[in-house]
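Trainee: I have just opened this model and would like a friendly tour. Could we go through it together, one question at a time?

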Protein chains: 2
Amino acid sequence: MNAEIIAVGSEMLTPERLDTNSLWLTNELNQLGVEVVAKHIVGDLRERLAGEIRRAMDNAGIVIVSGGLGPTEDDVTRDAAALALGRVQVCHEEIVRGIEARFARMKRVMPETNRRQAMVMEGAEVLFNDRGTAPGQWIPFEKGAVALLPGPPYELKAMFTRECLPRLKGLVPPTVIRTLTMRTTGMSEAALDEAISPIYSCYKKITTTVLAHNSDIQIHFRARCASDAEAGAMLEEIRPKIEAALGDFIYSRNTDPLEVVVGRKLLAAHATLSVAESATGGGLADRISSVPGSSAWFLGGMVTYSRRLKTELLGIPADLIDLHGPVSSEVTGAMATAARARTGATWSIAVTGNAGPTTDGDSAGLGDFYVGIAGPAETTVTQRVWPSPDRMRVRAFAAQLALDLLNRKLGR
Amino acid sequence: MNAEIIAVGSEMLTPERLDTNSLWLTNELNQLGVEVVAKHIVGDLRERLAGEIRRAMDNAGIVIVSGGLGPTEDDVTRDAAALALGRVQVCHEEIVRGIEARFARMKRVMPETNRRQAMVMEGAEVLFNDRGTAPGQWIPFEKGAVALLPGPPYELKAMFTRECLPRLKGLVPPTVIRTLTMRTTGMSEAALDEAISPIYSCYKKITTTVLAHNSDIQIHFRARCASDAEAGAMLEEIRPKIEAALGDFIYSRNTDPLEVVVGRKLLAAHATLSVAESATGGGLADRISSVPGSSAWFLGGMVTYSRRLKTELLGIPADLIDLHGPVSSEVTGAMATAARARTGATWSIAVTGNAGPTTDGDSAGLGDFYVGIAGPAETTVTQRVWPSPDRMRVRAFAAQLALDLLNRKLGR
């Protein structure tokens, strides 16, 4: 069965806002085996929206309309849907009393305009809203149903989950969907796809999605079958083939990012981590400490953005910096070793580099980066060059490489 | 004049991808005085797309179709547009030779399928593509024009700018658009809108956009008038009224974020900055050092995420921490003072807090935050409580507050 999604609201026709409800709704519908075949964003015009709803009903069995259920003149969804289906609306006194009670709890009197929200189309089922004043509507028609949902994501998601999902399960033939996820780093999207597309393209019942963000790639394999056993078996069949193709570029067999994977290993080993950041300027510590509970294994560290602080906070000899430059294997290694000694951590990561846009007169070139990892046994330094003018991207690459290198040291 | 935008491609109907070309296109069209009245995303189905193009032509004078111009069977935009307009297509030998030359430069032979890309509708103007193989088309019709553009943003933007903008300027009555931007912090979006909507709603020729991101709000006033003088005068009329309403919540009179504003003041005063971060875990340093050229005024600092590092790196007495707790006015003030002394910076910022999800047994409550600012004259500490379960959001609030407090100390 197919679906179309219509988002209503002029604010989504500006250069600043996108309709993001539809991503969440698409995922929910896909999980039921329903494909979304078109999405529309329209302004607050009744006739225009009515036309859009009518055409969506021609093309799909499920039509989801989000937004435009508020109490003002601008909120045209109720009227547009009634126009599209040629049905009358009646005031639903129970809804009026519910909205009045909601206002009463806030010690306010319901404005008369809110009565609009109690208008319900003939033949529609009211979808109760426990997170706002706007009720939704479920309108069966010959091919399926039209659902009117509120625009705010917090209200829409709750109403869809509680009210629409059970009704949709009655409309849609049962399908089982199981998903296998992997994450990789250190491989380009093109190289990865070249390595695995000959494998996944043989599985017609598996939908493969490759999502690259900086140098981190998530791969989702979604098997859609008649039974759970069939879906599970298919994923177990593809899994070893993908693992063989990608080898140790795979760092996670679920959606966990590198910092979570690293944290879990450190915690299991009763080990701790500190950082000494130059080029990443705090971004690595920020990413690590974003993990809830990271204070159990992350101690903190130094942001030695200036040459002076490398000497004052880490004790790197000024003549070592003069001799090799602040962006060098020697200085980076010394920073990692010193950070480990000064913080008492089991492991320390140091990052130096030139993120640009200029090199500030350093001897190292634009895009040159060094990552040092100091551990119980040794300190190692790895060099990379990313000649990109995009400062933030290069900094993100460096933080990702640093976590990847530490993760490899901690063992798969 | 109105426009509709149609994005073509099944990948934009998945839960992972949004059509982002339309945001850029909307901005370009708005600059010409053209309003976007609907946006559509459709899959790679010829008849379905043809219907969508026909309907868009009924509703708007300008129809922009992006994507689906590649060489494969899946690329249906050319055929769909021909079907929608009821016109035949002819092979354009000059385009074929251009594509052949492109392949020859890569030492490859053009696959036969690429000939599809040379099919041009009768009456259409060819839009040259210098960044890919797919040419676009400009198809005048009675009310305006339909433009077919390639999907990759890098190709689309170049083609739109070079080929479509001049043609659109011929279609659209001339308008001058001037923009006034301000940024505020410390005020909720609702409170801000309540303060300024009585002002801006009196200006029918000014479009006001309020964009809130965490506690940072950008306000855009876009005056669309017949002449530059009129637009400028209108903005100069509204400016002092808005400034009076928002007072010193305004920190920027352009799009510069707080870290850029702070950096400019520090640089002008030949002053430097360092940080001592606990709860923000490096996020404040990351944000500050993201400013290109920040190494001229940002020294770095310490991420004392653990209690131990507060003592070891900053010399905060363990009994002070035991007495008041690590999240306290006393410890935060001591951290700021110590960071300033140890780094030799003119100003230092310290942040402590409980970002959650748990309080790790600290005496301070969930969402309690302290920001300390140490300067040449004194150290001051400010407390805030953000009882939100969203860890990343609370950390962003704290970094924003820290920069706001420093910015106020540096003088408007």
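Trainee: Is A:Leu149 buried or exposed?
Mentor: First, a word on the ground rules: this is a predicted model, where local features need pLDDT of at least 70, side-chain atom pairs count only at pLDDT 80 or more, and totals for chains, interfaces and linings use all residues. Residues are numbered from 1 along each chain as its sequence is written, chains are lettered from A and ligands numbered from 1 in the order in which they are written, and side-chain values use heavy atoms, with hydrogens and water left out. Buried means under 20% relative accessible area, exposed over 50%, and partly exposed in between (1.4 Å probe, protein chains only). The relative accessibility of A:Leu149 is 0%, so A:Leu149 is buried.

Trainee: In which strand is A:Leu149 found?
Mentor: Strands (E, at least two residues) and helices (H or I, at least four) are DSSP runs, numbered from the N terminus. By that numbering, A:Leu149 belongs to residues 144–149 of chain A, which is strand 8.

Trainee: Which residues does A:Leu149 touch, leaving out those up to four places away in sequence?
Mentor: Contact means heavy atoms within 4.5 Å. By that rule, the residues touched by A:Leu149 are A:Ile64, A:Val65, A:Ser66, A:Gly67, A:Leu69, A:Leu127, A:Leu156, A:Met159, A:Phe160 and A:Cys164.

Trainee: How many residues of helix 1 of chain A are buried?
Mentor: Helix 1 of chain A spans residues 21–31 and is mostly covered. Among the elements covering its buried residues are strand 1 (2–8), helix 5 (153–171) and strand 11 (216–225) of chain A. Of the 11 residues in helix 1 of chain A, the number buried is eight.

Trainee: Why do the buried residues of helix 10 of chain A line one face of the helix?
Mentor: The buried residues of helix 10 (residues 307–314) of chain A are A:Leu309, A:Lys310, A:Leu313 and A:Leu314. They line one face because, seen down the axis of helix 10 of chain A, they fall within an arc (of the directions from the helix axis to the C-beta atoms) of 110 degrees.

Trainee: Which elements of chain B do the buried residues of helix 10 of chain A pack against?
Mentor: In chain A, these residues pack against partners including strand 13 (273–277) and helix 11 (318–324). From chain B, the partners are strand 14 (298–304) and helix 12 (329–343).

Trainee: How many disulfides does the structure hold?
Mentor: A disulfide is a pair of cysteine sulfur atoms within 2.5 Å. A:Cys225 is in none, as its nearest cysteine sulfur, that of A:Cys202, is 16 Å away. Over all chains, the number of disulfides is zero.

Trainee: What is the volume of the largest cavity?
Mentor: On a 1 Å grid over the protein atoms alone, a cavity is a set of points where a 1.4 Å probe fits but cannot get out, and lining residues have an atom within 4 Å of a point. Grid points are joined across faces, edges and corners, and a volume is the space filled by probe spheres set on the points. There are two cavities of 30 Å³ or more. The volume of the largest cavity is about 50 Å³.

Trainee: Which elements give two or more residues to the lining of that largest cavity?
Mentor: The lining draws on both chains, including A:Lys39, A:Ile41, B:Lys39 and B:Ile41. The elements giving two or more residues are strand 2 (35–42) of chain A and strand 2 (35–42) of chain B.

Terms used:
1 Å grid on protein atoms, 1.4 Å probe; cavity = no way out; pocket = protein on both sides within 12 Å on 5 of 7 lines; lining within 4 Å.
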